[in-house]
Amino acid sequence: MKRLILIILTSLSLYNLSLQAQTTSCGFKIPPKSVLKSQFQSVYEAAGIVNSMLDSIDWQENFRLREQNGINNAYATIIQNMRYIVYDNDFLENLDAYAATKYASISVLAHEMGHHYYNHMVTGRGSTVPVEIEADGFSGYVMNKIGASLEQSIAAMQAIASDKASATHPAKKDRLAAITRGWNAAQNTGTPIPENTPPGNTGNTDPKSDATWIGLTIQSSKTETVYLSDDGKTYQPAELKVGEPFVFKFEIYNYGWLRLPYSNGYRTFKLVHGKDYSILWNRRTRNWTLVEVPQ
């Protein structure tokens, strides 16, 4: 009996893991298949909707549409030097039913349009946090232009975005903020489609008068090199000089990561805008460590 219970529990665990792993290339959770007929089934027509979005921002499309059912996804890609948005109609209809609005699928298409608008596919680097944030902002802008409310514009992301960020995709709250920024920008008549605006960026570039900058110092008798990252994936070296604070902002979120040498590898710390930190040498462990400077 114990063995049977163990097998059942193991099976359930594997099932739950498989559900957690089901995400699209743009970091969306795959919505459950609707057991009811979607009330939006007859509304969703990809070509007509895409054309209305293109007209709303006066942009000539540089891509083609391709329906491919069974992939549980919608994504922007380049195939044989031709740009495409590939979509699964069933996936989009399930999304509309799950989010309870026809604008859910439309906002996903707008997001994929954003990847082509900003030429993200040309780099061949795949998904990154700034790329997804930029496409989210584009989606919010376009959704406003076609008459969707802010609530309708964020419905898909609210329903199926991942709560936590990864090395390639932003957290839900940051994606919702990006869509909201794009939607608000479209409220101003004549305002162009916004470029990627880092969350928390007030436009103030003077660290002396802007408390949201980060101050980083190190207690050392010589210049030391540490490593900083906006996305937790790519790290850049930064030199910390004796007695001189290194003052900076992360460009993607209002937080980022610091990597310090630690024993035979590295240790990673999270840094947040509006806080100062000091790097100290621990003589007992013979490693660098990080402490937040009290305000």
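Helices (H or I, at least four residues) and strands (E, at least two) are DSSP runs, numbered from the N terminus. This is a predicted model, in which local features need pLDDT of at least 70, side-chain atom pairs count only at pLDDT 80 or more, and totals for chains, interfaces and linings use all residues. Residues are numbered from 1 along each chain as its sequence is written, and side-chain values use heavy atoms, with hydrogens and water left out.

Figure 1. Of its 295 residues, 42% are buried. Buried means under 20% relative accessible area, exposed means over 50%, and partly exposed lies in between (1.4 Å probe, protein chains only). A contact means heavy atoms within 4.5 Å. Among contacts between residues at least 6 apart in sequence, 58% join residues at least 24 apart.

**Figure 2. Helix H5 covers residues 129-145.** This helix has 17 residues. From first C-alpha to last, H5 reaches 25 Å, close to the expected 24 Å. The expected span is 1.5 Å times one less than the number of residues. H5 is mostly covered, with 15 of its 17 residues buried. Gly147 follows H5 and has a positive phi, near 100°.

**Figure 3. The largest nonpolar core has 22 residues.** A nonpolar core is a set of buried Ala, Val, Leu, Ile, Met, Phe, Trp, Tyr and Cys residues joined through side-chain atoms within 4.5 Å. The residues with the most contacts inside this core are Val50, Met53, Ile57, Trp59, Met113 and Phe138. The elements giving two or more residues to the core are helix H2 (46-57), helix H4 (103-117), H5 and helix H8 (172-187). Leaving aside residues up to four places away in sequence, Met53 touches Ile106, Leu109, Ala110, Met113, Val142 and Ile146. A second, separate core has 18 residues, including Ala46, Ala99, Ala156 and Leu176.

**Figure 4. Helix H3 (residues 89-99) packs against H4.** Their axes lie 7 Å apart, at an angle of about 125°. H3 is therefore oblique to H4. Axes are lines fitted to C-alpha atoms, for helices over the stretch in contact, and angles run from 0 to 180 degrees between N-to-C directions. Angles under 35 degrees count as roughly parallel, over 145 as roughly antiparallel, 65 to 115 as roughly perpendicular and the rest as oblique. H3 makes the contact with Leu92, Leu95, Asp96 and Ala99. H4 contributes Tyr103, Ala104, Ser105 and Val108.

**Figure 5. Four strands form an open sheet, in the order S7-S4-S10-S11.** The pairing is mixed. Two strands pair if DSSP finds at least two bridges between them. Strand S7 (246-248) and strand S11 (287-292) are the edges, and each pairs on one side only. The twist averages 25° from one strand to the next. Strand S10 (residues 276-282) and S11 run antiparallel, joined by six bridges. Ile279 stands opposite Leu290 in S11.

**Figure 6. Asn119 and Arg286 sit in loops.** Most residues other than glycine have a negative phi. Asn119 has a positive phi, near 60°. Asn119 lies in the loop between H4 and H5. With a relative accessible area of 38%, Asn119 is partly exposed. Arg286 also has a positive phi, near 55°. Its loop joins S10 and S11. Arg286 counts as exposed, at 58% relative accessibility.
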